[in-house]
Amino acid sequence: MERFFYLQAKYLKDFLSFIAKNHRLFICQAKEDDYYYVQFSEGLEPVFNAYRTFEPLKSLIVPAKERIDNLNPSKEKPLAVFNPKHCDLNALAIQDFIFLGQKPKFASVEDLDVDTSYEQRRKNLLIISGDCTGYKEVCWCLGMGLKPYPESGYDINLSFIDTGYVLEFSTGKGRLALKGFERRMTKPTNEQMHKREHKRSKIIADMQNSLPELYPGPVEAMQQAVKQGFNSASWKEFMLTCVECGGCNFICDTCHCFLLSDEKRGKENARLKLWDACLYANFAKVAGGANPLDTRAKRLRNRYMKKFDFFPDNLGKYACCGCGRCIEVCPGKIDIRKILKTLHNELLVKK
Amino acid sequence: MKNIYLPIPVALEQIIDESATIKTFRFSSNDGFRFKTGQFVELSLPGIGEAPFTPSSDPNISTRFEITIMNVGRVTQALHALKTPATLGVRGPYGLGYPLEEFKNKQILIVGGGVGLAPLRSLILALFARPADFKNIHLRFGARTPDDLIYKQEIKEWSKICDCVLTVDKADSDWKDNVGVVTTILDTDSIDLKNCVVIVCGPPIMMKFATFKLLELGFKDKQIYLSMEKNMSCGLGKCGHCRIGPFFVCREGPVFTFDKLKDLPEVWD
């Protein structure tokens, strides 16, 4: 079976309409210099977003607020998402690890609980990813060892090359979703495939040129830098401008924390699942009054310990994909790259 | 489709006053709800909220279970205002509980403070249920005042079958036992350090100083079992609130031997 096809740009809308027949399809729309997900409808002009969306991909699978006591995702139309980027796909591995109950290294039990709603949506999710054709100032995936084009985790990937797209099938689910549409596509020429490679090298080179100053240190040393920096005086400096808005948590693609909330709706009792933020003052507070994360510095540090120590320990993977959303959203201009760079420099001094 | 975030209904049968701020709630468990001692549950009031508690009753009793609750927060306040009969929700049990097999044929020192006696009561009853396996039990309990000491009648019974020392931070005129924090009644006079375990449960500050004292007395890290009190919200290792170091306390705890915790810089935070 052919893995690669060529899709002319003028057929992109037909391509999306075809997918939308059997899926709740989300595509991007541009607003100023950001892209936002909207549900596809025939009236919308398709946009091939140059870089990742404003909101994280997780928000399509795990909504910020959802009533869960009457939920039945098996009755939902399968979800499809058009053009998430490599950072988002990489971050889904973190959500999968938590909600699909994959075994952490430090877990002493084998039989882990599965969030069946997540599982159902995730299983049916059709991912049509795309190569980045541009980047934002805050994009630093290269610093996290990721490339600006997907390497895994997609069903179908599109690489934009001038007048159309090189389309790559990665899974049977992807092929099945486009069954009947193949005749609109052609076999890509060697030149088209070459263009794809050229574009990929070019975007890396462009990003590298803009990155060096903010490169936070070798990716393999990040866990050590954060861990050894536990008692660093810098946490207090970093948090000075934190206003505890939780924006960095809510916009983060890998953050998974939530709380369960009960409320009365008329005569009915409802249970809700809501995203929670570890930068909030009461995140870890217990009813007895003790609060293990009682200062902003501790809470900020906790966020980094979770992403750069807990996850590598338990999953063998950092819970950061370098998407830079937290940098963009922070009213206090707290920059994850600068924090990691400072901690890394402190580690070098210690050595 | 199974929904791990939803409770099953349980019938509240009886409420027993233990102190001015602590009550024991007795539930019938006809549907076969079972737990291992030291495991915790999420108890919920429909439409109001949910909170983690460790049952305080004998895990061998299959027809009912009890939870002893101090009135300290929003959910516990609503629980304390309840009248029987009522229907509540329960999820769990979660976590690993006390590893009774590791305690077998060893001296067992049990150190409790305040409402921390609740999970320990369940442990003590589980130990008493197997007298051939667990002979040498020593109890060391502390409370702020004599009025704050719970399970007074039962403690009297327990004192008849095992060595029991009580202390309060602040005594009244009727108090005949020790006065001082719980560390003042910890010693190794009747303990064989080579063949013992010590189980500690109480407020965080008490756990910290009890652990320091026990280490000073010569107990090894691996002999000290601590019940970590964290904000366990989902109980499933998903919501993220109870993380300490590489562990989710709800899943890898809530009982840890100190050797697993001692190198975590945030252990006493």
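Modeller: Happy to! Please keep in mind that this is a predicted model. You can find A:P73 in the loop between β4 and β5 (79-82) of chain A. Setting aside neighbours within four places in sequence, A:P73 is in contact with A:S117, A:Q120 and A:R121.

Chain A is divided into domain 1 (4-214) and domain 2 (219-350). Between the C-alpha centres of domain 1 of chain A and domain 2 of chain A there are 25 Å. Where these two domains touch, domain 1 of chain A gives 32 residues and domain 2 of chain A gives 29 residues. On the domain 1 side, the elements that give two or more residues are β4 (65-67) and α3 of chain A. The largest share of that side, nine residues, comes from α3(A). Sorted by class, the side of domain 1 of chain A that touches domain 2 of chain A holds 19 nonpolar, four polar and nine charged residues.

In the contact between the chains, 40 residues of chain A meet 38 residues of chain B. On the chain A side, two or more residues come from each of α3 (86-99), β9 (258-265), β10 (268-275) and α10 (296-315) of chain A. So which element gives the largest share of the side of chain A that touches chain B? That is β9(A), with six residues. This side of chain A divides into 19 nonpolar, nine polar and 12 charged residues.

Let us finish with chain B itself. Chain B is divided into domain 1 (8-94) and domain 2 (100-227). The C-alpha centres of domain 1 of chain B and domain 2 of chain B are 24 Å apart. Their contact takes 15 residues from domain 1 of chain B and 13 residues from domain 2 of chain B. The side of domain 1 of chain B that touches domain 2 of chain B is made up of five nonpolar, eight polar and two charged residues.

Key. Residues numbered from 1 in each chain as written. Chains lettered and ligands numbered in written order. Predicted model: local features only at pLDDT ≥ 70, side-chain atom pairs only at ≥ 80, totals over all residues. Domains from an automatic or database assignment. Contact = placed C-beta atoms within 7 Å. Nonpolar A, V, L, I, M, F, W, Y, C, P; charged D, E, K, R; others polar. Helix = DSSP H or I, 4+ residues; strand = E, 2+ residues; numbered from the N terminus.
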